[in-house]
Amino acid sequence: MQTAMNAHKREHISTFSRQRRRETLVGYSFVTPAVLLLIFFLVLPFLLAVVFGFTKFNLLRPDKIHFTGFDNYKLLFTDGLFYKSLWNTLYFTIIVVPVQSGVALMLALLVNNSLKLRNVFRIAYFSPVVTSMTVIAILWISLYNPNEGLINSALHFFGISNQPFLRSSSQAMNSIIFMSVWQAAGYQMMIFLAGLQGISKDLYEASSIDGANKLQQLRYITIPSLYNVTVFVLTITTIQAVKLFVQPYIMTNGGPENSTRTLALLIYQQGFQFRNAGYASAISVIFFLIVVLISFSMKKFLRDK
Amino acid sequence: MKKGILLSLLAVSLLAGCSGGGTQNANSSSGGQGEGSAVELTFWRPQASEVEDNVYVKRIEEFNQANKGKIHVKMEVITRGNSFAYEDKINAAVASHTLPDVLAMDGPNIANYAASEIIIPLDEYFSKEDLDDFVPSILQQGSYQGKFYAPGLNESSVVLFYNKKIMAEHGITPPDKIENAWTWDDWYDVMKKTSKDGVFGTNMINDKGEWMTYAFEQLWISGGTDIVNKEGTTAEGFVNSPQGVEAANFLQKLANEKLFNIDPKPTEFEEGKAATKLGGPWNIPGFKNYPDLEWGITYFPKKAGGIQTAPSGSWAVGVSADTKHPKEAAEVIKWITNKDSSTQLARAISMPASRKSAFESLTEYNELPLRIIKEQVTGVSHARPVTPAYPVLTQKFAEALTDIMVGADVKKSLDNVASTYDEEYKRNFAE
């Protein structure tokens, strides 16, 4: 009896463990392609960038690559253009993240009520997001034309004289910020909209019975309920903002007077146009560390709250 | 675990498939299959207009016919998604040693490729008479440190187009003899007179990249200086020389007085919204779409008392250092840049030929307006600087000129070009 039971138990265990092992294997096999892709296209290139950061590496002379220790980093920390690019990147991020998220939230609140044409509005706000940034950038170059652009014509109507916009070192970055917010806010709007629709109607009903007005409902129900969504939106907006490249690349090529040169643009110029792959790798490593630092401190800041 | 291995193999093969596909499937054209003993050569060039591509296809077919059983060339036309896609492909091929035997390259890159030893000198394959038949600017752009690397099929030039109606309205007669060519001051007066009611005095911004160096380096040359020294080792005292500052001041003056549009519509001149236009032969085919436009050509303006000059430069073909058949590859180069090829391409795309002998049969270049282009190409053109650090020079110079046109300090901007270039050169190319 005893042995029979043991045998049964053993058999049970062994089928169980076999099944588990099979599941594990299936799991691994599902995950393998993704992990391999990550290793090949993310981990390996980054490790290579770290290695190349310590070399002098002309893209056209891979045979002449040689280690130069910290030379690239020494050059980097004395390079005025690096600091300028870093500041431009941070400035863009600091302005764009709150403004874009704020605009997105307002748009979401607008299209969340039962307006007649709300689907038309939703499509209108979202359509810039699905349009290629390159196309939009080229379009905005002509809108911003200092001599005969549409925006200047509109300003004329209000008696304001021609503004140089992209062709002035003091206005170029702000002009890029404005069009970037316009282009991307629709995306965050969609996320906020999903969050808004997840808030229970009961809360609003209960609060209106208690005599809360619309503003109080926004302050005490809507915004606190959106906390997790907001954290998500702020994080992705920041990461997108730090990587700013297409707009200055197409619209200003970093000018005038490097006022729109971002770190991503600097890396591209050094690495591909000047073919200084070693120096560009060193900038990339520093850039990576900065992004990591920003996302960790944001996470900590937002969690602590 | 088997499945995992299988899947990872699958993933790897997929990746391999992706990376290999591009080259394998690239457009190719060839006349007849190569025979067993024939030397197989590959030739890369960037995609251009259909008419231009057709000339190459035809000439390569004829080459393969003429060399049947000896040499067979397979041409791969590489799509240029943006202006650097082709160069990026060359960069990648250098790293993996998969360069083709023959490759096309933009003129100013020749020195960079020669200094990097990815192309080989061709002096031993060209006779002296053959070389002398090329217009001087082709030899200038194709040479590096006394050796000749890459000839071009055609040349280019920049002229001043003018709107005949607008000129007539103001009683202006643009010169048609080179000794009477407009000076900067003459051109400025024309712009001043014609710039009103939504019409700009000139249209002179094609793009804010290579065009800036291509077109405006000539103002430095006309002033008796250049943007780097002859050896290409330093920009200090050249780009920011007093004559250089004067040239840049002239450009800033035009911008300050709003005589041109810094972000023009590409068809501003064609629509009659600009009285003159700095442009090239490539603009001419497009003028046909504007029947109301009556246009003429005059010379690239020079500095008063300065040198008459005009931009030049073209795509060129060279032999890669990776080839196993340099002799046969050189045969291809000689064929694709000979008188017939040069003439046919000039006919097809209305760009001036690179060979003096080709102009004999191109009679349209003996009369106005094209005579002006010929005179510039065969007489006064200057190629862009021959320096391995050209990518840095052109980028920084173009940035500085754009800044200057929107009001940046002239001397400071030019000093910055000089110091950036000199540091870059010292770091990467000084012996």
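Author: Trp44(B) stands across from Leu103(B) in S4(B). This is a predicted model: local features need pLDDT of at least 70, side-chain atom pairs count only at pLDDT 80 or more, and totals for chains, interfaces and linings use all residues. Residues are numbered from 1 along each chain as written, chains are lettered from A and ligands numbered from 1 in written order, and side-chain values use heavy atoms, without hydrogens or water.

Reader: Which strand pairs with S4(B) in the parallel sense?

Author: Strand S2 of chain B, residues 39-46, over 2 bridges. Strands are DSSP E runs of at least two residues, helices H or I runs of at least four, both numbered from the N terminus. Pairing takes at least two DSSP bridges.

Reader: And which strand runs antiparallel to S4(B)?

Author: Strand S12 of chain B, residues 315-319, joined to S4(B) by 5 bridges. There, Asp106(B) has Trp315(B) as its bridge partner.

Reader: Switching to cores. Which residues have the most contacts inside the largest one?

Author: Phe43(B), Val73(B), Ile90(B), Ile119(B) and Ile373(B), in a nonpolar core of 72 residues. Such a core is a set of buried Ala, Val, Leu, Ile, Met, Phe, Trp, Tyr and Cys residues joined through side-chain atoms within 4.5 Å.

Reader: Why does this core lie between domain 1 and domain 2 of chain B?

Author: Because domain 1 (39-155 + 314-377) and domain 2 (159-312 + 388-429) both give residues to it. The bounds come from an automatic or database domain assignment.

Reader: What does Ile90(B) touch?

Author: Beyond its neighbours within four places in sequence, Ile90(B) is in contact with residues including Leu99(B), Tyr113(B) and Ile118(B). Contact means heavy atoms within 4.5 Å.

Reader: How big is the area buried between the two domains of chain B?

Author: About 1600 Å², with 67% from carbon and sulfur atoms. That is the accessible area (1.4 Å probe) that two parts lose on being put together, summed over both. Across it, 18 residues of domain 1 are in contact with 19 residues of domain 2. The domain centres, over C-alpha atoms, are 27 Å apart.

Reader: Last one. Which residues of chain A are in contact with Asn112(B)?

Author: Leu60(A) and Arg275(A), and from chain B, Thr387(B), Pro388(B) and Pro391(B), again leaving aside neighbours within four places in sequence. Asn112(B) lies in helix H4 of chain B, residues 109-115. Its relative accessible area is 4%, so Asn112(B) is buried.

Note on methods:
Buried < 20%, exposed > 50% of the residue type's maximum accessible area, 1.4 Å probe, protein only.
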